[in-house]
Amino acid sequence: MIEAAGLSKTYPGPVPVHALRSADLVVDAGEMVAVVGSSGSGKSTLLALLGLLDRPTGGTLRIDGVETTALNAHGREQIRRRDVGFVFQAFHLVPELSCLANVELALRYAGVAPRQRSSRATEALHSVGLSDRVSALAGTLSGGEQQRVALARALVKHPRILFADEPTGNLDTDNEARVLERLREATDQGTAVVVVTHSADVAANADRMVTMTDGATGGARG
């Protein structure tokens, strides 16, 4: 599902910043891969490139066999809209909208018919333990609750690929276990999941662990 070879990202300037030097990663459908490493090692940059949120400076990236580095903005957007779910570390919810409306946005963006959005969004919120917060404004939620809304929004359209940046960083033990269960359910349904994490529990529950050091991928552990 994902084939990255030699991905790099350099931000130009008087002193160029080499955020990613050389990343190689292959992720199959139905597989969860944990990306670990110290702060500044390039994990979030890698996730942004794999999720087509940014363009690499070098290397190649195939998504389901399609070489994406040569695609224009519209082509990249079409893949994101159709195939990709993203859980951002900063959540990126609309604070003035309800939890339900935030999750429905993903379905609207994916072109799901209006009559289906409410029931699917409600079910997604229920699956992350937020049945009692469906109507609450996102801006009134705790950090952990916002994180679970972000996960529901990513999962609701049943993406073929799911990228998650520290999806359990604000959660207690019980809710971390709930999130891990949802991620594993996604892989059981054939979704390729890539998780950036500092959590030993998340890494231990992945099928493989890839370590990043100084902007490059290192060894992978099964």
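What span should the 16 residues of helix 6 (residues 173-188) have at 1.5 Å a residue? The expected span, taken as 1.5 Å times one less than the number of residues, is 22 Å, and the end C-alpha atoms of helix 6 are 22 Å apart, which agrees. The model is predicted, so local features need pLDDT of at least 70 and side-chain atom pairs count only at pLDDT 80 or more, while totals for chains, interfaces and linings use all residues. Residues are numbered from 1 along each chain as its sequence is written, and side-chain values use heavy atoms, with hydrogens and water left out. Helices (H or I, at least four residues) and strands (E, at least two) are DSSP runs, numbered from the N terminus.

Buried residues (under 20% relative accessible area; exposed, over 50%; partly exposed in between; 1.4 Å probe, protein chains only) of helix 6 are Asn175, Glu176, Val179, Leu180, Arg182, Leu183, Ala186 and Thr187. Seen down the helix axis, these fall within an arc of 160° and so line one face, the arc being that of the directions from the axis to the C-beta atoms. On the other side, Thr173, Asp174 and Asp188 are exposed.
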